[in-house]
Every structure is written in C-alpha cells, then in structure tokens.
Amino acid sequence: MAQFFQMQDLGAITPELELVAFGMFLLIFDLMVQEKRRLGLIALAGIAISGFFLFRLRGTDFSAYGGVLALDPFSIFFKTIFLVAAALSVAISLKYLDIERENHGEYYALILFSTMGMMFMAGAVDLVTLYIGLETMAIATYVLVGFLRSNQRSNEASMKYFLLGAFSSGILLYGMSLLYGLSGSTRFVDIAEALSRRPLTDPISLLAMITLSAGMFFKVAAVPFHQWTPDAYEGAPTSITAFMSVAVKAASFAMMVRIFMVAIYPLRPQWVPIMAAVSVMTMTIGNIAAITQSNVKRMLAYSSISHAGYILIGFIAGNETGLTAVPLYLFIYTFTNLGAWAVIVALRRKDVIGEQIDDMAGLFFRHPAGAVLMLIFLLSLAGIPPTAGFIGKYYLFAAAIQTGHNALAVIAVLNAAISIYFYFRIVVSMFMREATEKTGLVYAPGLTMTLAIAIVFTLLIGVYPDPFIAMARQAVILGF
Amino acid sequence: MIQILFFFFAALAAGAAINVLVQKHVLYSALSLILMLTATSVLFILLGADFLAVIQIIVYAGAIMVLFVFVIMLLNLPVDEDGADRLRWLKFIGIPLGLFFLFLVTATLWNVQAGTGTQSRFVGSPQAIGQSLFTDYLLPFEVTSLLILIALVGAVVFAKKDL
C-alpha cells in the first residue's frame, strides 16, 4: 500500500500552512487592536514569511500526499505570482479601507485564505484537490467583493459574482464527474491515459471536455462567459478588483494549464478550434466593449477580459514558446495591472470616487508623477516597448506564428491596436484636459511602495527580460 | 423490480424539479425541492451508494432545506407576481437552449455502452468513503475544513452590523 502521508508532505505545504496560521491569527487579533492598520501590516508579514518558505522550496520537484499535489517549478512560479499579487493588494488596501471606513481584520484574513486556495489550485494534479482549492479561493473572493457592506453596488456585485460563480462551478463539476466516470480516477495523468485509449470523436469525452472548458472559460472570464466581469469588477472595492484581476485570473489560468495540457491533452485536436474561437471573441469583444466605457474600473475590466483572450493563444500554440508565454504574461500582467489599479485607488479620496475618466482630467498638472506612472502602466498594458507588456505579447504572438496560426496572430495584433485607442483615452484625459478636480492624490506608504515595485518590474522586465523568461520556461519545461 | 423503482423515482425527481421552477409561491418551490432531493437519494440507494443517500437526506433534504423554509417564513416573501418583466425575453432564449443542451446530453449518453468493470459491493459504503477520505483524499479533506471556516467568516462579515 502506498504511503499516503509522510512528514515531507507537510513540508511541501509550509507556505500554505503559514498563510492559514496568519489568517486565523488575524481573525483573533482583530478583536484586540484598535489601530486596524496594524492588521494589514501583520498580513504583509505573513505573506513575506510565506514567500520565504516558498523560496526555501525552490527547485524541488516532488509529488505530495500520495500524488494529489505537485510541488514543481510550475506551481512555485504561480505561487510566487499569487504572493506578490496578495502583498501588493494588501498594501494598496491600507489607506483605501480607511477611507471607505471598512478596515477590518477579516478583510486581510480572507485575502490570505483566498491566496492559500490559489496555491492549492496551482499545485493540484487531482480533480478533487483542484476543486477544493478553487472553491476556497472563490468563496473568500465572493465575500471580499461585497466587503463594502453599506455600498449597494458592492453587495450587488458580490451577489452576481456568487450566483454565476456557483453556476459555473456546477458546469465544471459536471465535466469533472464525466471524466471520473470515464477513467475511474481523479488524477490528471490517469485521466489523460484513459482518454488516450478512447477514439478522438468519442461523444462522452467530448461532452466532458466541453462542459469542463465552459466552466473554466467562465472562471477566466472569456467571452461568451464574461458578463459577470464588468459588474463584479466595478462594484468590488478597488483594491479587491486589483486582486481579482491578477491573482484570481492567474490561478484560473494555472488550473487551465494543468487541465488542458495534462488531463485532457489527448483531446487537443478537438479543443484547439474551440479555444481559437473563444480567444478571438474574447480579444475582440473585450476590446470593443472597452472603447465605449466612461468608468475606468469598467474599462479596465473589459481590458482584463481581452488580456485573457491573448493568453489563450499560448494554449492554442501549445509549443514551448506558447506555454512559456502563459506564466510569463501573467507575471508581467500582475505588476502592470496592479500598478494601474494602484493609481485608481490613489484617486479615491474622502468625497471623490475617482472612477470616471473625467476624474482623471488634468491629473498631469495636479500630480505629474502619478500621471506619468499611469502612462507607463497603460503603455505596458497596450504592449508598447520598452515596457514589460511588449515582451509578454511578443512571446504570445511569436508562438502563434511559430505554430502556423497566422490568422490568429493578425487578429491579436489588430486587437492590440484597438486597445491602444481606449488606453489613450485615459492618457488624453490625464495630459491634455483642464483639471476639474483640485485635490491631489492620496499619499500613503503602502500605495507608494506598490507603485514603486510595480514600475520597477514593469520597466525591468521590459529592458532586461532574460531571467524572467528563463524562470517561466523552467516552470513549464519539466511538466508539460 | 429495480427498474420499476428507478423509473418511478427518476420521474418523481424530474417532475419535482420542474415544479420547483414553475411554482409561483416560494414555499411550494422549496417543498418540491425537498421531494426532488429525497427521490434522488432513492436513486443513490439503487446504485449502491448508501452513504451518499443518507447524507443527501440528512444534509440537503434535512438541514439545508429546513434553513431555506425557515428563511422564507421569516422574510414572509410575497407571492411572485410576474416579477422581472425585463427578463421575460430570456425565457424564449433560455428554454430552447436548455432543451438543446438536454438533447445533446441525452443523445450522447444514449449511445454509450455500459462499462465492463465490476462494481465492488463496498464502493459506496461509509467504510469505503471513510477510507478514501483519510488516504487518497487526505489533503482535500483537510482543506475542506478551512473552506468551511472561510464560509463561516464570510457569513459573519455580511450579517454583522459593525464588525
């Protein structure tokens, strides 16, 4: 009989355990401190310690708990993304929650718990573990989206996100149950083995694949399963929107890589056309819908939808370049997007919501540094060199061309061109219009730190991408 | 005999499920849901999954539905009078699409040949489930406890006036 638990297994999940410990500590400590901002600092310390444990596990390649959890370079790379995103989101929350008067320990605890769920998702090589990790992440996020409890939009967003999320989980589970029925196992490798023994046009395999992909497209907000995204992103506290748009999205993509590149890899000839269609729709509809938005949060929500479309190209290409591009793009996107959201958080003051494009008018004259930072983040989102966004897009589009998906590459480039238009609407508003609002940006150490880290990485990856590309390549080269 | 039981309870479950949707009064919907869950648990027994059947009744038909009914009584919801007019056109898209999906699934499953594997008598027993929970699925089992904690914290966050 195989060994189901050894002490080593506990070692493999130290970063997760540590986040749980800090999360529970925060829940208790919340009752004892008056100065709630300290709780945020404790959460940051927890994330840092978790990062330290993760760093100690680097380079391991080991399958824990009788093979339900993999600790490989792939999961470690993604766990790094989650921790960075969680740390920066906590840092931008400190001041924001004070302004919204909802600074509570539960908020930080839930961010830590959600991150813990993501870490299990990235490591899961088994359907049950994957699903439990997914729900842990999702339930914590549903609560966080509705955390502005006196704000009706926040409540509505949370409700919509919860209902649609639960529905999509149901569809995902339907696919998973069919896969289990086909293979008699929940392990991804066994499922792949069972699928490869069946004909390619086997109806049940196809039904399982389609329901599973529908569930997953929902989670990454790909068109036509994207309708929840703008509402949820707009209603959520801006710091949580930032967290969702990078961390939750990265976790969902980590799950997709494991499922599509391992579990249902034998069906690849069948899912590539579906994914290509979804990718084209996601890019195009995301970008076109973003053009008409006047609310910056909604605009960035649609922009995040279109970015999911670009990332899907990596799966369609499926070669080494394409698979390297997926974690690389998400890593870059984490810094760039969190930076852009941090600027929007800084616009939120006592009596100003700061979400409309008009609220950004003349920002350059009021606050040149903030405007220039936003400009760089937007350039990176649009994929213009020498920013990091260019490297990510370059790798994705190169992968499409290498594998002969020329039409897809052309559509993607055209979409990147459209996206420049709406990103520059913000830029025009910041640099060329009269300031309507006189108050400056909010200054807070956490915000400044986030902006500094985000800008350093956005530019560093842009001009010197080699070590990051090597890391991303190492993450995928072994497993897939 | 088993076939007769299967068709009877399957039809009951399907009928009750449809009734959940068409009832105008929330309470009737909730009661139909209990009927549906109970009928489904009989199907589980027929498949040899005794544990699942018992859990289905205790947790879903019992605990969760009692809460449902309780909340409905407390809130004293009015009878739903053709609410949500602006969503009416969704019926014309939703129902055909739902039927189309049903058709696809049925057509797929209709042609499936039954598996040749033999089913162990113990596969659905409490013993077998307990064993796999603490061996193969030890990690997800433990993480589930955290999942429940998170749900608890979330409920408190939403329900409590000042945290």
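**Figure 1. Helix H10 of chain A packs on helix H13 of chain A at about 135°.** In this predicted model, H10(A) covers residues 228-235 and H13(A) covers residues 296-317. Their axes lie 8 Å apart. An angle over 145 degrees would count as roughly antiparallel. The pair is therefore classed as oblique. The crossing of H10(A) past H13(A) is right-handed. From H10(A), the contact draws on Thr229(A), Pro230(A), Asp231(A), Tyr233(A) and Glu234(A). From H13(A), it draws on Lys297(A), Arg298(A), Ala301(A), Tyr302(A), Ser304(A) and Ile305(A). Sorted by class, the residues in this contact are 5 nonpolar, 2 polar and 4 charged.

**Figure 2. Helix H12 of chain A packs on H13(A) at about 155°.** H12(A) spans residues 268-291. The two axes are 8 Å apart. With the angle over the 145-degree cut-off, H12(A) is therefore roughly antiparallel to H13(A). H12(A) passes H13(A) in a left-handed crossing. The contact comprises 18 nonpolar residues, 7 polar residues and 1 charged residue.

**Figure 3. The loop between H9 and H10 of chain A holds Ala221(A) and Pro224(A).** Helix H9 covers residues 203-219. Ala221(A) is not a glycine, yet its phi is positive, at about 60°. Is Ala221(A) buried or exposed? Its relative accessibility is 1%, so Ala221(A) counts as buried. Further along, the peptide bond between Val223(A) and Pro224(A) is cis. Omega there is about 5°.

**Figure 4. A cis peptide bond links Pro385(A) to Pro386(A).** Both partners in this bond are prolines. Omega is near 5°. Pro386(A) sits in the loop between helix H16 and helix H17 of chain A. H16 covers residues 368-382, and H17 covers residues 388-402. How far is Pro386(A) from Gly362(A) in space? The C-alpha to C-alpha distance is 25 Å, for a sequence separation of 24 residues.

**Figure 5. Gly362(A) is buried in the loop between helix H14 and helix H15 of chain A.** H14 spans residues 320-347, and H15 spans residues 363-366. The relative accessible area of Gly362(A) is 0%. Which residues does Gly362(A) touch, not counting those up to four places away in sequence? The partners are Ser429(A), Met430(A), Arg433(A), Glu434(A) and Ala435(A).

**Figure 6. Tyr65(A) has a positive phi in the loop between two strands of chain A.** The strands are E1, residues 62-64, and E2, residues 69-71. Phi of Tyr65(A) is near 50°, and the residue is not a glycine. Tyr65(A) has a relative accessible area of 5%, so this residue is buried.

**Figure 7. Ile47(A) is a buried residue in helix H3 of chain A.** H3 runs over residues 37-56. Ile47(A) has a relative accessible area of 4%. Not counting residues up to four places away in sequence, Ile47(A) touches Leu19(A), Leu83(A), Ala86(A), Ala87(A), Val90(A) and Leu112(A). The C-alpha atoms of Ile47(A) and Val84(A) are 8.4 Å apart, while 37 residues separate the pair in sequence.

**Figure 8. Chain B is built with 6 helices and 0 strands.** From the N terminus, the order of elements is α-α-α-α-α-α. What share of the 163 residues in chain B is buried? Buried residues account for 22%. Take the contacts in chain B between residues at least 6 apart in sequence: 55% of them join residues at least 24 apart.

Notes:
Residues numbered from 1 in each chain as written. Chains lettered and ligands numbered in written order. Predicted model: local features only at pLDDT ≥ 70, side-chain atom pairs only at ≥ 80, totals over all residues. Heavy atoms only, no water. Helix = DSSP H or I, 4+ residues; strand = E, 2+ residues; numbered from the N terminus. Buried < 20%, exposed > 50% of the residue type's maximum accessible area, 1.4 Å probe, protein only. Contact = heavy atoms within 4.5 Å. Axes fitted to C-alpha atoms, helices over the stretch in contact; angles between N-to-C directions. Parallel < 35°, antiparallel > 145°, perpendicular 65-115°, else oblique. Left-handed = near helix turned anticlockwise from the far one by under 90°. Nonpolar A, V, L, I, M, F, W, Y, C, P; charged D, E, K, R; others polar.
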